Amino acid sequence: MKKLLYSLSFIVVFILSIVSCTKIRTTEIGSDVIPPVDNVTVFDTVLEIQSEIIPLADSTRMRDTGTHALGIMQDPSFGITSGEVYLQLLAQLSSGSPIKQPFGPPDSILGLDSVVLSLRYRSLYGDSNAMENLKVFEIDQSSGFRDSSLGYLISQPSFAANNLLGQKSFTFSSFNDSLIYLRANDTVKTVNEIRIPLDNSFGLRLMSYDSTIYKSDTNFNSQFRGFAIKADEGSAAKRAMAYISLIDGGTRLTFHYRKKVNNAADTVVTEFVFRNKANANLISRNNSGTPYAANLATGTGTNQSELYLQSTPGSVAMLSIPGLSGLSNRLVYRAALIAERLDGLEDNYFNEPSVMFLDAVNTDPGGSGYYTIPKSFITSATNVLKYEPAQFGGILKNNKYEFDLTRYVQGIVTDGDPSYPLRLYAPYITRPVLYGTSTTYTMNIATPVTRGRIIVGGGANTTKKLRLYIVYSRI
């Protein structure tokens, strides 16, 4: 019995000694435990990555269904972002056609109490204590603004809009407060609504149009082109962007007025709604004098130590891994591209994009454009992003990003697949080609537009180096 206990004790001590001398490596992506690196049968290595930051060429169009960015945001690390919203609101339809005169006979109207533009608020990005004055202008007839099913480019120059219709100052944290107001003879309680009172003279003008103007949208547009909503450059604290929706009925123009009904005065309400595609969300960035501008200025042709990544319209990190193409054949257990977060100014207000994305530059002979990462990117029919970032990578965890490139690296070392330059970025929308097919795969990644920025260590960083970490066995 003593001999048996002695033998068991020896075995336990032997196993513990092996475990204590073995490195167990795990990654943040996936739940698999990587085989222990013992430097006998399982090894690890780190490949350096060359990195440079450049502006992201952008062709984003904002459609009517998109969440629109409104405001001015001053970020000390990345600069100033401005978002302007343009839209047309029309009389509601009756039996498929515009109401001939949505206010009834002109001689029945006794007076206009107020006319209010409401915008459906969704969320904000930046400092919730931002205080900005929102101004509403009439879009000029000469502006060229019109109904567009494709949507306008967010880089489109501003449409001419000079006639100020109304304005109101807001603290952005109040946008999701409860509001109580009178609607005809009822008391209405609502939330997530930005209400801007407009000049009554404008409301009376629209109420004075006869049935020939309201007979068709074309006729109405010839008299009133739509609204331009902009934040005032002189606002007290330009520190955030508000995000609004046009399509759920919360965005509307409301007339509160009195009219004769059955020979008696009554208080009534008429609403104009968003029921076409006449909208634009124009975004501008100004990074002059910021650390981000300096990062862009030194990006081309250098291996940078800091990578300033800004969501659309923003920047992209171009990456190359010189040691990958010459790597010998081996069994790859894990290959992870790792990018670690660096501190920026006021990160507590201006946080990271919801998701970062990685794809490949098509450098095949005669090729152009971009591929999804060969063999490592897998589509998903159930995730709204159309892939699984929890598995592929792109979600910040423990202040770092990890992208699973295991199958990609295995294909290079075993099958002789090409090693491509890579792109690390936070696009609002991207359209790479699914590798191995001719299919363009459209994805909305970092939404809503303009939300998110981050600084990560580049290939030349001495403490938080951008790198490719590989665990493998020799063959």
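In this predicted model, the charged end of Arg239 sits over the ring of Tyr349, at 5.0 Å from the centre of that ring.

- The ring centres of Phe78 and Tyr292 are 4.9 Å apart and their planes meet at 35°, which lies between the limits of 30 and 60 degrees, so the pair counts as tilted.
- Distant parts of the chain are linked by this pair, since Phe78 belongs to the loop between strand S4 (68–75) and strand S5 (79–87), while Tyr292 belongs to helix H5 (residues 291–297), 214 residues apart.
- Phe78 and Tyr292 are both buried.

**The pair Tyr371 and Tyr435**
- Tyr371 and Tyr435 form an edge-to-face aromatic pair, with 5.0 Å from centre to centre and 90° between the planes.
- Because Tyr371 lies in strand S25 (residues 370–371) and Tyr435 in the loop between strand S28 (429–430) and strand S29 (443–444), the pair ties together parts that are 64 residues apart in sequence.
- Tyr371 has a relative accessibility of 13% and therefore counts as buried, whereas Tyr435, with a relative accessible area of 29%, is partly exposed.

**An aromatic cluster**
- One aromatic cluster is formed by Phe103, Phe202, Tyr209, Tyr214, Phe220, Phe224, Phe227, Phe255, Tyr257 and Phe272.

Note on methods:
Residues numbered from 1 in each chain as written. Predicted model: local features only at pLDDT ≥ 70, side-chain atom pairs only at ≥ 80, totals over all residues. Heavy atoms only, no water. Phe/Tyr/Trp six-rings, centres within 6.5 Å; stacked < 30°, edge-to-face > 60°. Helix = DSSP H or I, 4+ residues; strand = E, 2+ residues; numbered from the N terminus. Buried < 20%, exposed > 50% of the residue type's maximum accessible area, 1.4 Å probe, protein only. Lys NZ or Arg CZ within 6 Å of the ring centre and 35° of its normal.
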